[in-house]
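Subject: Handover of a structure model

Dear colleague,

Please find the structure below, handed over for your use. My notes on it follow directly after.

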Amino acid sequence: MSGNRYDAYERLKFDWPADGVLRVTMQNPDNPLNSVDAKMHEELVAVWRDIDADRDVGAVILRGADRAYSAGGDFGMIESLMSDHDYRMRGLKEAREIVYNVIGCSRPTIAAMHGVAVGAGLAAGMVCDITIATKSCRIIDGHTALGVAAGDHSVISWPLLCGMAKAKYYLMTCYTLTGEEAERIGLISLTVEDDALEAESLRVATRLAGGARTAISHTKMALNNWYRMNGPSFDASLGYEFLAWDGPEAKEGLAALKEKRKPNFGKMAV
C-alpha cells in the first residue's frame with residue numbers, strides 16, 4: 001500500500017480495511033463529536049487530491065470517529081470567519097474546493113454517517129458517490145439558523161437528490177433529517193441499523209474496489225457532470241453565505257447557539 005502519502009495529516013486518520021479500500025476517519029481530539037476546526041477544514045480540501053494520485057486506492061470510505069460523523073465548524077472557526085476578512089476569504093476558497101475536489105476525485109467515494117452530520121464534514125459526505133447513514137443519524141444543514149445562507153454544498157446537490165420542494169423545506173427551516181427520512185426522500189443512498197454501518201460501508205467499498213476500476217471511475221465522472229452544471233448556483237450560494245458571516249444575523253445566530261436559546265433575528269437589512 002501507499003507509503004507516507006498520508007502521514008502529515010493531523011485531523012484525518014487512514015487505514016486499509018480491505019485490499020484497495022482506503023478508510024478516512026475525521027477525528028478532532030478536542031471534540032468527540034468531531035467538530036471541524038481550521039486544520040481539519042484545510043485537510044478536507046487536500047486529501048482528495050492525494051487520493052486521486054494514489055493508484056493503490058480502489059474506493060474510499062469517509063467516516064467520523066467516536067460519537068459522531070461531524071458536528072460542523074467549531075466556535076473558534078466561526079468566530080474567525082466573522083472577525084477576520086482574510087480568514088473569511090480563505091474559508092470561502094476552501095469550502096468551494098472541498099466540494100469540487102470530492103466531485104473531481106476519480107476514485108469512488110462512500111460516506112458512512114452516524115450520530116450527527118453537519119457542516120463541512122456533511123459537505124464532503126453529501127457529494128460522495130454513495131451515502132450510507134444509520135437510521136438514527138441526524139442530518140442537519142444549519143446555515144440559516146446561524147444567520148447565513150445555505151452554502152457549503154447543499155445548493156449543488158440537494159435539489160438533484162431529493163427535489164426542489166424538499167430541498168427548500170429543509171434548507172430554509174434547518175429541520176433535522178433522520179437517516180431513515182433522508183433515505184425515504186432520496187437524499188442519501190441507504191440506511192442501516194447503528195451496528196451495521198461499518199460492515200455495510202466496507203461491503204460496498206470492497207465491491208467497488210474489486211470491480212472494473214476504470215469503468216466505475218468513468219461512470220462516476222460522467223454522472224458528476226450533473227453537479228458541475230449546477231456549479232454557478234453553488235458558487236452563488238457560497239458567495240451569499242460568506243457575505244453574511246460578519247453581519248448582524250450571523251452574530252445573533254452564534255450568540256443564540258452558545259447561549260442555547262432561540263435566535264432573535266429581527267427585520268431584514270434591506
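How do the residues of the lining of the largest cavity divide into nonpolar, polar and charged? Before the answer, a word on the basis of these notes. This is a predicted model, in which local features need pLDDT of at least 70, side-chain atom pairs count only at pLDDT 80 or more, and totals for chains, interfaces and linings use all residues. Residues are numbered from 1 along each chain as its sequence is written, and side-chain values use heavy atoms, with hydrogens and water left out.

Cavity and pocket

The lining of the largest cavity divides into four nonpolar residues, one polar and one charged. In this classification Ala, Val, Leu, Ile, Met, Phe, Trp, Tyr, Cys and Pro count as nonpolar, Asp, Glu, Lys and Arg as charged, and the others, Gly among them, as polar. The lining consists of His-41, Ala-95, Ile-98, Ala-120, Ala-123 and Asp-152. Helices (H or I, at least four residues) and strands (E, at least two) are DSSP runs, numbered from the N terminus. The structure holds one cavity of 30 Å³ or more, and the volume of the largest cavity is about 30 Å³.

On a 1 Å grid over the protein atoms alone, a cavity is a set of points where a 1.4 Å probe fits but cannot get out, whereas a pocket is an open set with protein on both sides within 12 Å along at least five of seven lines; lining residues have an atom within 4 Å of a point. Grid points are joined across faces, edges and corners, and a volume is the space filled by probe spheres set on the points.

The largest pocket has a volume of about 890 Å³. It is lined by 36 residues, of which Ala-71, Val-118, Gly-142, Leu-146 and Leu-257 are the closest to its centre. At least two lining residues come from each of helix H2 (75–83), H3, E6, H4, helix H11 (231–243) and helix H12 (248–259). H2 supplies the largest share, four residues. By class, the pocket lining holds 19 nonpolar, eleven polar and six charged residues.

An open sheet of six strands has the order E1-E2-E3-E5-E7-E10, with mixed pairing; two strands pair if DSSP finds at least two bridges between them. Its edge strands, E1 and strand E10 (190–192), each pair on one side only. From one strand to the next, the twist averages 25°. Axes are lines fitted to C-alpha atoms, for helices over the stretch in contact, and angles run from 0 to 180 degrees between N-to-C directions. Strands E3 (residues 59–64) and E5 (residues 109–113) run parallel and are joined by four bridges, with Leu-62 having Ala-111 as its bridge partner in E5. Helix H8 (residues 197–209) packs on this sheet and touches E1, E2, E3, E5, strand E7 (130–134) and E10; its direction makes about 165° with that of E7. Contact here means heavy atoms within 4.5 Å.

Strands E1 (residues 12–18) and E2 (residues 21–26) run antiparallel, joined by five bridges. Ala-18 has Val-21 as its bridge partner in E2. Their hairpin has two residues between the strands, and Gly-20 takes a positive phi near 80° there.

The other open sheet has four strands in the order E4-E6-E8-E9, again with mixed pairing. Strands E4 (70–71) and E9 (177–178) stand at its edges with a single partner strand each, so one side of each is left without a neighbour in the sheet. Strands E6 (residues 116–118) and E8 (residues 138–140) run parallel and are joined by three bridges, and Ala-117 stands opposite Ile-139 in E8. Helix H4 (residues 119–126) packs on this sheet, touching E4, E6 and E8, and its direction makes about 85° with that of E6.

Yours sincerely
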